[in-house]
Amino acid sequence: MIIPKNTAPKKSKLFSGNMKLSWTPYELELNHRFAISGFSRTTTPVVLTKIEYDGLEGYGEASLPPYLGETQASVIEFLKKVDMTAFPDPSHIEEIMAYVDSIAINNTAAKASIDIALHDLVGKMIGAPWYKMYGLDKTAVPDTTFTIGIDSDEVVREKTREALGRFNILKVKVGGKDDKRMIETIREVTDLPLAVDANQGWADRHEALDMILWMRENGVVMVEQPMPKSDLDNIARLTEASPIPIFADESLQRLSDVDRLRGVFSGINIKLMKCTGMHEAWKMRNLARALGMKVMMGCMTETSCAISAAAQVYPGMDFADLDGALLIGNDCFEGAALENGKIIASDRPGIGVKPVKELSFGR
Ligand code: MG
């Protein structure tokens with residue numbers, strides 16, 4: 001909108017509607033050193049976003065685990081390029097996100113931080129949480145897994161004990177040399193069903209199938225990304241032979257990836273940080289379902305902001321891995337919460353969050 005300088009009143013109503021985007025970097029402190037096939041870490045950087053419009057505030061988040069290639073600096077650099085003055089109000093989510101997507105390739109977490117804040121804002125404008133606008137039952141959700149990273153037997157036992165009584169399914173990170181020992185160590189503590197994430201760690205299809213068959217005998221109910229992300233032929237044959245469902249994680253990022261994975265994986269793991277947020281997650285979910293595929297919702301280590309956004313979209317899915325905010329010691333939002341092993345959205349409008357710490361958003 002261009003308003004000639006000499007006719008624009010100083011406190012025009014015309015300006016009151018403009019969206020104002022601001023952000024703040026934040027460092028998540030992990031309760032345990034987190035290890036998956038390849039590396040480990042004790043913190044995760046994030047950038048929290050806020051979009052203000054008409055007296056309302058919408059919150060968003062970009063979570064930046066190092067292996068995804070985005071940093072706080074790259075997110076902030078991206079956010080500085082975002083100019084929303086051309087859009088009349090936040091409800092034009094599709095148009096705004098098409099523009100945001102066009103600013104640069106990749107930067108999916110930065111884009112998600114805007115998408116989530118827009119959804120929060122629009123939900124607040126309408127006065128409803130998104131699960132209601134999607135027509136979903138917020139309680140009709142799968143149990144969330146609680147992730148046990150690759151670690152010493154003692155830490156694995158300790159983390160497993162920590163999960164008892166709170167979770168109904170555990171997620172085990174495998175793909176190393178000690179896969180069976182990880183499972184056996186957990187089995188010393190509990191008989192809970194297990195989901196397994198190999199993070200591309202298995203190189204040989206026949207060995208992978210043998211491992212899956214052994215794991216199934218030991219209560220494993222699904223496998224995530226068993227083999228390298230581009231090895232689709234072998235993954236397709238593994239999926240065909242596997243008695244338990246095989247989900248794509250690293251093999252998939254966005255909506256455009258879903259179709260080519262039909263017949264390769266049993267289902268897809270949708271993550272807001274990889275798919276640019278809720279608007280695309282919703283489409284991926286619906287496309288996968290239409291293609292006869294299973295769907296799960298995953299996450300990074302992130303605050304209750306991004307987890308609460310995921311909690312709006314995932315009712316009705318097959319599996320959930322939404323423990324991200326439960327793995328950190330300094331969550332700065334309150335929103336979706338763990339109830340009887342499930343992450344349940346709050347009844348607040350938008351994504352259902354409120355900050356529980358002083359956060360100094362700026363530009
Ligand atoms: Mg995974």
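I started with the spacing: the C-alpha centres of domain 1 and domain 2 lie 22 Å apart. The bounds are 20-128 for domain 1 and 132-355 for domain 2, as set by an automatic or database domain assignment. Reminder to myself: this is a predicted model, where local features need pLDDT of at least 70, side-chain atom pairs count only at pLDDT 80 or more, and totals for chains, interfaces and linings use all residues. Residues are numbered from 1 along each chain as its sequence is written, and side-chain values use heavy atoms, with hydrogens and water left out.

Next I looked up the contact (heavy atoms within 4.5 Å). Domain 1 gives 40 residues to it and domain 2 gives 45.

Then came buried area, the accessible area (1.4 Å probe) that two parts lose on being put together, summed over both. The two domains bury about 3,500 Å² between them, with 61% of it on carbon and sulfur atoms. On the domain 1 side, His32, Tyr59 and Thr108 lose the most area to domain 2, together 16% of what that side buries.

I also checked salt bridges (a side-chain nitrogen of Lys or Arg within 4 Å of a carboxyl oxygen of Asp or Glu). There are two between the domains. I also noted that Glu94 forms a salt bridge with Lys283, and their closest N and O atoms are 3.0 Å apart.

Last, I sorted the residues on the side of domain 1 that touches domain 2: 19 are nonpolar, ten polar and eleven charged. In this scheme Asp, Glu, Lys and Arg count as charged, and Gly is among the polar ones.
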